[in-house]
Amino acid sequence: MAKRVLSVLVVDDSAVVRQAATAILSQDPGMVVTVAADPYIALDKMGRSRPDVILLDIEMPRMDGLTFLRKIMTEDPIPVVVCSGLAAKGTATAIRALEEGAVEVIAKPQLNVRDFLHDSASTLIDVVREAAEVRVRRRVPSTAPVPLESRRHTADVVLPPPARRRSDRRHAAVDIVVAIGASTGGTEALRTILTSMPKDAPGIVIVQHMPERFTAAFAQRLDQICPITVKEAAPGDRVVRGQALIAPGNRHLLLHRHGTEYEVELVDGPRVSRHRPSVDVLFRSVAQAAGPHAVGVLLTGMGDDGAAGLLEMKRGGAATLAQDEATSVVFGMPKAAIERGAVDRVLPLPGMAAGILTLARSSAR
């Protein structure tokens, strides 16, 4: 079946980026590319022809990318891929963009942008094509952005005072390991789940497809709002109660057992299922290390990464869950796992945290 022709709007104040992105995306005969130097020009062009996907820079004159993104998501939602710098400010802003409705983030270095984009040509084309398949939901408009730290979430979690939050925790060895994999739409799904976890939750290991350096900012943001500790995984980190470890971008995350304790390893290695980190790599290691003493969870995402690994976990005795189609931004990964017979239960996102905790308690008996 022939691919449908996509209209892509590149919004970036850099002429170099606009030219490079146009040259790359035009390699796909199924893409028609237009450009805009700032959001005001983009809005004018969008009024004449609605794009299927927007490739958006964050730092621009006249109107910044976040403001433009909010306007799109509240008025006429369109899939947006954010192209953000790797500086600390850029990564934090990119995480905010995902919270505001962007479907994907692509890293953009401060130097040699043209060469970087050309080296990543196939990835950029794939990301834009995948973004076009995302179901984007309209956001409720607000007069001003609400700080992430002050937001209430699905479970309306009331956080304890920051000064007491750490001391109240007992980072004890775990009986059960919860392994979670996610891709497109996963940042919001993970936030919903982790903000609903109690302070003594089972130890959690996570792969979220995200570029290098952005995972650290993502973990830091989650750590600010979750009852549990959330951090980017480091070599040798123990898996303990009340803590979630997120795989760093561009590194595979593996679980190992040493006696009664679990710890993680980070490895380079080739891409698996088109990704590094790969959910399949994590799930397979969990199947080998924890066997029936684990819960596997596959969330929203494009493609099939994690489906084979989740099946290995199930065959090893682990309990397995997948997010349902209605609440998934992209149903690709959960659907692939369901079709392979790898899933015990399919749950909507609002009930996923409770489902995980119920299975973890059952598996620990």
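## Nonpolar cores

In the largest nonpolar core, which has 62 residues, Leu 194 and Met 197 touch the most other members. A nonpolar core is a set of buried Ala, Val, Leu, Ile, Met, Phe, Trp, Tyr and Cys residues joined through side-chain atoms within 4.5 Å. Buried means under 20% relative accessible area, with a 1.4 Å probe and protein chains only. Beyond its neighbours within four places in sequence, Met 197 is in contact (heavy atoms within 4.5 Å) with Ile 204, Pro 227, Ile 228, Ala 353, Ile 356 and Leu 357. A second, separate core has 33 residues, among them Val 264, Ala 289, Ala 294 and Ala 322.

## Basis of the model

This is a predicted model, in which local features need pLDDT of at least 70 and side-chain atom pairs count only at pLDDT 80 or more, while totals for chains, interfaces and linings use all residues. Residues are numbered from 1 along each chain as its sequence is written, and side-chain values use heavy atoms, leaving out hydrogens and water.

Strands (E, at least two residues) and helices (H or I, at least four) are DSSP runs numbered from the N terminus. In strand β4 (residues 80-85), five of the six residues are buried. Strands pair if DSSP finds at least two bridges between them. Strand β3 (residues 53-57) runs parallel to β4, joined by four bridges, and Asp 57 stands opposite Cys 83 in β4.

On β4 there is also a parallel pairing with strand β5 (residues 104-108), over five bridges. Val 82 has Val 105 in β5 as its bridge partner.

## Cysteines

The structure holds zero disulfides (pairs of cysteine sulfur atoms within 2.5 Å). Cys 83 is buried at 4% relative accessible area, and Cys 226 is buried at 0%.

Note on methods
Buried means under 20% relative accessible area, exposed over 50%, partly exposed in between (1.4 Å probe, protein chains only).
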